[in-house]
Amino acid sequence: MSVFTPLERHELEAFVAPYGLGRLLDFQGIAEGSENSNFFVTLEQGEYVLTLIERGQMDDLPFFIKLLDVLHAADLPVPYALRTGDGLALRKLAGKPALLQPRLSGKHVQEPNAQHCREVGTLLARLHLATGKNPLPRPSDRGLEWMLEKGPELALQLPDEQLPLLREALAEVARLKNRLLPLPIANLHADLFRDNALFDGPHLTGVIDFYNAFAGPMLYDLAITVNDWCSKEDGSLDLQLTQAMLAAYSAKRPFRAAEAELWPAMLRTACLRFWLSRLIAAQAFAGQQVLIHDPEVFRRRLQARRHVQVALPFAL
């Protein structure tokens, strides 16, 4: 179970009391998390999610709180930080920064169909439009410079046959740095995988886990999302699912020519980012009772993205 900081019942009872939501009835750790400790919490007035922030700086947390307030005000189905009777959203529990948020309804989708991908594409476009005119500033802590720094270090632990793929991808990232300026930016979710979306049947009911969010090219967010939702087992893109997501997204926010040109490179860069971060996690948490995502999944996807056959539709 990916709960890095276990909690005692009496600790949690004291923490939830200032919210005025009634007595603590039950709580349990959430196994899916890979970076923070998350708990389902049942109080007399409803169901909630408690998050203990395990990674990142305390200084970043007001950004996440403000971003979710903005998205909630735009009527997007996202969690948002609840306030205590004294108006506090960010507090500490077990020595860690802690947030209490409403629990969204729905379930994760393991095998998405075209309708699921359309729903996600529409939601992602709405998210970008909600912040595109005035993005909240925050750089990514796992951006291009991070990839160029960590890539050579991780090469030391890779089999020789995987090195050409890594070197090729890093060389492309180095070239890409100066080509991103023309791309439209917004606040990105930057981790909109299937385990961060909730569905009730075919309908999207919620998007969670914004702790990788930052201000950057909208196209990069779309590439991250497509790589997870639309990839087949062998790493290649499913044509029907990819076209469904791109069409739904572009119906809300038409693409630009510069985005269409950089689409294949952005898909590869998004694969590289998660290949590297999963390699780091696999090394850091080896032998521990923590959910570790397989780095090989994104190595296969990066290999398959050497030839991208699904073009990005764009409007001039």
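Rings of Phe, Tyr and Trp (its six-membered ring) pair if their centres lie within 6.5 Å, with planes under 30 degrees apart counted as stacked, over 60 as edge-to-face and the rest as tilted; by that definition the structure holds ten aromatic pairs. The model is predicted, so local features need pLDDT of at least 70 and side-chain atom pairs count only at pLDDT 80 or more, while totals for chains, interfaces and linings use all residues. Residues are numbered from 1 along each chain as its sequence is written, and side-chain values use heavy atoms, with hydrogens and water left out.

**First stop: aromatic rings**

Select phenylalanine 27 and phenylalanine 39, which form a tilted aromatic pair at 6.5 Å centre to centre and 55 degrees between the planes. This pair links distant parts of the chain, since phenylalanine 27 sits in strand β1 (residues 24-29) and phenylalanine 39 in strand β2 (residues 37-43), twelve residues apart; strands here are DSSP runs of E with at least two residues, helices are runs of H or I with at least four, and both are numbered from the N terminus. Phenylalanine 27 counts as partly exposed at 21% relative accessibility, whereas phenylalanine 39 is buried at 3%, where buried means under 20% relative accessible area, exposed over 50% and partly exposed in between (1.4 Å probe, protein chains only). Then select Phe63, Phe64 and Tyr211, which ring pairs link into a cluster.

**Second stop: helix α6 and the cysteines**

Colour residues 218-229, the twelve residues of helix α6, which reaches 17 Å from its first C-alpha to its last, close to the 16 Å expected at 1.5 Å a residue (the expected span is 1.5 Å times one less than the number of residues). Twelve of the twelve residues of α6 are buried, so the helix is largely enclosed by the rest of the structure; among them are Met218, Tyr220, Asp221 and Trp229.

Next, select cysteine 230 together with cysteine 117: the sulfur of cysteine 230 has its closest cysteine sulfur in cysteine 117, 4.1 Å away and too far for a bond. Both cysteine 117 and cysteine 230 count as buried, at 0% relative accessibility. With a disulfide taken as a pair of cysteine sulfur atoms within 2.5 Å, a search of the whole structure finds zero disulfides.

**Third stop: a pocket and a cavity**

On a 1 Å grid over the protein atoms alone, a cavity is a set of points where a 1.4 Å probe fits but cannot get out, a pocket is an open set with protein on both sides within 12 Å along at least five of seven lines, and lining residues have an atom within 4 Å of a point. The second largest pocket has a volume of about 350 Å³, and 17 residues line this pocket, with Leu144, Leu180, Phe214, Gly216 and Pro217 nearest its centre. Elements giving two or more residues to this lining are α4 (144-155), β9 and α8 (257-284), and the largest share, four residues, comes from β9.

**Last stop: two positive phi angles**

Alanine 94, in the loop between β4 (91-93) and β5 (96-102), has a phi near 55 degrees, a positive value in a residue other than glycine. Aspartate 209, in the loop between β8 (203-207) and β9 (214-217), has a positive phi of about 60 degrees. Alanine 94 is partly exposed, with a relative accessible area of 35%, and aspartate 209 is partly exposed, with 28%.

Notes. Grid points are joined across faces, edges and corners, and a volume is the space filled by probe spheres set on the points.
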